Structure formats: C-alpha cells, structure tokens
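Subject: Structure handover

Hello,

Please find the structure below. My notes on what was found in it follow.

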Amino acid sequence: MIYTDQYESPLGRILLAGDEEGLTGLWFQEGSRYVGLGLSEKAVPRETEYFERTKEWLAIYFTGHDPGFFPRMHLVGSAFRNRVGEILCEIPYGRTVTYGWIAGRIAKERGLERMSAQAVGGAVGHNPIGIIVPCHRVVGADGSLTGYGGGLMRKKALLELEGIDVTKLPQPQKRTGSGR
C-alpha cells in the first residue's frame, strides 16, 4: 500500500509518499519536474509515524538547523540509484560536493578506474526524496549551481538556509539558441 500526506513549507507545499517500510517520496508540488513520479493513483492519504517524523525533520530544517536525524526511509530504485541516494545522505549539512566526487567514490567502491559523472547526475536528478536525501547539495565540477528537480530558485534557497553563500558559487551559464 502507498500512502501520501502533505506539508506546508516556506518554499511551497510538499507532497510526501511512503509505503509499509518508510518514506519513499518528497516533492515540492508546484514547479517540480518529477512530482509524484512513480506514485500510484491508488495511493491513500494517511498519517503515519514516519510522516510525522518527516514533518518534524522539515520543521527543524526550515528554521535553518540540521535536524540531526533521518525519518525512516525506503529508497526505491535500482542498486545504483539507491547507492547514490545513500551517498547523498552522507553529505554534511551546509556542505556541497560535485557529481564527479560522487562518481569517483562509486568507481573506487566498485574497483573501477572511473565512473560517469553524467550517470550520477541522472540518479541525482531523479532523487525521489528531495531535501532529506540532499540532492540540492550537489554542484557542477566548477562549483556552479546546476539543475534541481524542485527548481533552481529552491536549490539556492535551500543552500542559503544551510548557510552557504550562493553568491560565491559560479552561476549556471545560459544556453544559446544555437544548440552548439
């Protein structure tokens, strides 16, 4: 059974999803690329212990503090995506890493010479548990802000909330219409 709930955050309404094992999804409802991705139409609105812990986590987080705990989560996806999610959870509050750093870590774990940062970017970009699995803490190779499923303005706001001076990060380059 899949359950849902909602949370009103300072950055917009958040949709929560979960199953018998724990939280499986957390998305900003407005302006997000993958809101509810994979969520069954048969999902049932229901309060659960892990939704209550998630709301507690979010309430602490949005006051600008590290909650210091994780609600019960159930990462659902391929082994690769789940490993990327686990690594994301290890990024300290108020810090950033690059896609390449994550790729290098996975390559080392797997005994590979290298791993594609683009593959990591795909996994990070489809992270179903936003904020708590902190994909917003991942930046481009040059430290620039890159896309965020909840929108770049929210990514900036989340990083600023954690005390990161985003004005010191290179800004993403606007693409020209030439496609080159």
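**Sheet, then helices**

Ser9 stands opposite Gly12 in β2. Strands here are DSSP runs (E, at least two residues) and helices likewise (H or I, at least four), numbered from the N terminus. This is a predicted model, in which local features need pLDDT of at least 70 and side-chain atom pairs count only at pLDDT 80 or more, while totals for chains, interfaces and linings use all residues. Residues are numbered from 1 along each chain as its sequence is written, and side-chain values use heavy atoms, with hydrogens and water left out.

Ser9 belongs to β1 (residues 3-9), which runs antiparallel to β2 (residues 12-18) and is joined to it by seven bridges. Two strands count as paired if DSSP finds at least two bridges between them. Two residues separate β1 from β2, and the two strands form a hairpin. Further along this pairing, Tyr7 has Ile14 in β2 as its bridge partner, and Tyr3 has Gly18. Tyr3 also stands opposite Val44 in β4, where β1 and β4 pair in the parallel sense over two bridges.

Leu16 has its bridge partner, Leu26, in β3. β2 and β3 also form a hairpin, with four residues between them; Gly22 in that turn has a positive phi of about 155 degrees.

Put together, the four strands make an open sheet in the order β3-β2-β1-β4, with mixed pairing. The edges are β3 (23-28) and β4 (44-45); each has a single partner strand, so one side of each is left without a neighbour in the sheet. Helix α1 (residues 49-61) packs on the sheet and touches β1, β2 and β3 (contact means heavy atoms within 4.5 Å). The direction of α1 makes about 15 degrees with that of β1; axes are lines fitted to C-alpha atoms, for helices over the stretch in contact, and angles run from 0 to 180 degrees between N-to-C directions.

In β2, six of the seven are, so β2 is largely enclosed by the rest of the structure.

The other item is a helix pair. Helix α2 (residues 79-89) packs against helix α3 (residues 99-110) at an angle of about 120 degrees, with the axes 11 Å apart. The two are therefore oblique to each other (under 35 degrees is roughly parallel, over 145 roughly antiparallel, 65 to 115 roughly perpendicular, and the rest oblique). From α2, Phe80, Arg83, Val84, Ile87 and Leu88 meet Trp101, Ile102, Arg105, Ile106, Glu109 and Arg110 of α3. By class, this contact has seven nonpolar, no polar and four charged residues.

Ile106 is buried, with a relative accessible area of 0%. Leaving out residues up to four places away in sequence, Ile106 touches Phe80, Arg83, Val84, Ile87, Met115 and Val120. Ile106 and Trp57 are 49 residues apart in sequence and 28 Å apart in space, C-alpha to C-alpha.

Regards

Methods: Ala, Val, Leu, Ile, Met, Phe, Trp, Tyr, Cys and Pro count as nonpolar, Asp, Glu, Lys and Arg as charged, and the others, Gly among them, as polar. Buried means under 20% relative accessible area, exposed over 50%, partly exposed in between (1.4 Å probe, protein chains only).
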